[in-house]
Amino acid sequence: MSTTLGRLSTWRHVPVVLTIGLLTALVGCGVIAGDRPERFDTWRVVIEPWPETGPDALRITETFDQDFGSNDRHGPERYLPSDEFGEPTDIEASSPDAPDDVSTLDIGDEVRIRIGDPGITITGQHRYTLAYTYPEAMLERGLLAIDALDGDRFETVRAEVIVRGFELADPRCFSGPVGSTDRCELIVEGGGLYRAVLEPLPAHTAVTIDGRIVRRI
C-alpha cells in the first residue's frame with residue numbers, strides 16, 4: 001500500500017492591466033519574448049522515520065527550486081492526502097528568497113497548503129523547503145511503500161529521492177505514470193541510505209519507493 005505525497009500546483013494570480021491585443025503587439029515588436037514556461041529546476045525529497053511523533057511516523061522534507069517563468073504567482077500550493085497515513089502534522093515551510101507564510105485548509109481527504117503572501121506576486125525561480133509528518137504511515141507492519149513524487153504537471157530538470165534511517169530488504173524504485181511498474185535505479189549507499197536520481201523527470205511522472213523494513217537505523 002502506498003500514499004501520494006501531494007500534488008504541487010501554483011497559487012494563481014491573473015493580471016488584468018494588459019489586454020491580449022497589447023500583449024500580442026509587444027511580442028510581435030520584440031519588446032517581450034513571450035511567456036517562459038514554468039518548471040522545477042530541482043526537486044529533492046527526504047523520507048525518514050520520525051520516532052519522536054510515534055512508531056509509525058514518517059517525516060518528509062521537500063526542497064525544490066520552482067521556476068515560475070514569466071508568470072505572476074503568489075507561491076506554491078500543495079495538496080497532501082490525509083486519509084491513508086493520517087493528517088499531516090508539524091507543517092513547516094521556508095524560503096531564502098520569497099515570501100514563505102504558510103496557510104493550511106482541511107478539504108476532506110486532503111490538506112491544502114499554500115506558501116507565500118496573498119498580497120505579493122513573484123516571477124522567476126525561487127527555492128522552497130516544505131516539511132511535514134505523516135503520523136500513521138503503518139511502518140509497524142514492516143513495509144515501506146510510498147509515492148515520493150506523484151506526477152506534477154511541470155517538468156523537473158533534476159529530481160532526487162532519498163530514503164534514510166531504514167535497512168530495507170528488496171528495495172525498489174518505480175517511475176512513470178501513477179501506478180507504473182517501470183523500474184528506476186535505486187542506489188544503496190549503506191548505513192540506511194537509499195537514493196534515486198532522475199534527470200530529467202518529465203511532467204506527470206511519479207516516483208515510488210518500496211521495500212521490506214528489516215530494521216530502523
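**Close-up views of a predicted model**

**View 1. Strand S5 meets strand S8.** Strand S5 (residues 89-94) and S8 run antiparallel and are joined by four bridges. Two strands count as paired here if DSSP finds at least two bridges between them. Strands (E, at least two residues) are DSSP runs, numbered from the N terminus, as are helices (H or I, at least four). Look for Ala 93, whose bridge partner in S8 is Leu 130, and for Thr 89, which stands opposite Thr 133 in S8. A word on the source: this is a predicted model, in which local features need pLDDT of at least 70 and side-chain atom pairs count only at pLDDT 80 or more, while totals for chains, interfaces and linings use all residues. Residues are numbered from 1 along each chain as its sequence is written, and side-chain values use heavy atoms, with hydrogens and water left out.

**View 2. Strand S8 and its partner S3.** Seven of the 10 residues of strand S8 (residues 125-134) are buried, so this strand is largely enclosed by the rest of the structure. Buried means under 20% relative accessible area, exposed means over 50%, and partly exposed lies in between (1.4 Å probe, protein chains only). Strand S3 (residues 58-67) pairs with S8 in the antiparallel sense over 10 bridges. Thr 61 has Ala 131 as its bridge partner in S8.

**View 3. The seven-stranded sheet.** Here is an open sheet with mixed pairing, its seven strands in the order S5-S8-S3-S2-S10-S14-S13. S5 and strand S13 (187-190) are the edge strands, each pairing on one side only. On average, neighbouring strands of this sheet are turned by 15° against each other, direction ignored. For such angles, axes are lines fitted to C-alpha atoms (for helices over the stretch in contact), and angles run from 0 to 180 degrees between N-to-C directions.

**View 4. Ile 47 in the nonpolar core.** The largest nonpolar core has 41 residues, and Ile 47, Leu 58 and Leu 144 are those with the most contacts inside it. Such a core is a set of buried Ala, Val, Leu, Ile, Met, Phe, Trp, Tyr and Cys residues joined through side-chain atoms within 4.5 Å. Leaving aside neighbours within four places in sequence, Ile 47 is in contact (heavy atoms within 4.5 Å) with residues including Leu 58, Ile 60, Ile 146 and Val 161.

**View 5. The disulfide of Cys 173 and Cys 184.** The sulfur atoms of these two cysteines are 1.9 Å apart and form a disulfide, defined as a pair of cysteine sulfur atoms within 2.5 Å. The torsion about the S-S bond of Cys 173 and Cys 184 is about -80°, so the disulfide is left-handed. Cys 173 and Cys 184 are both buried.
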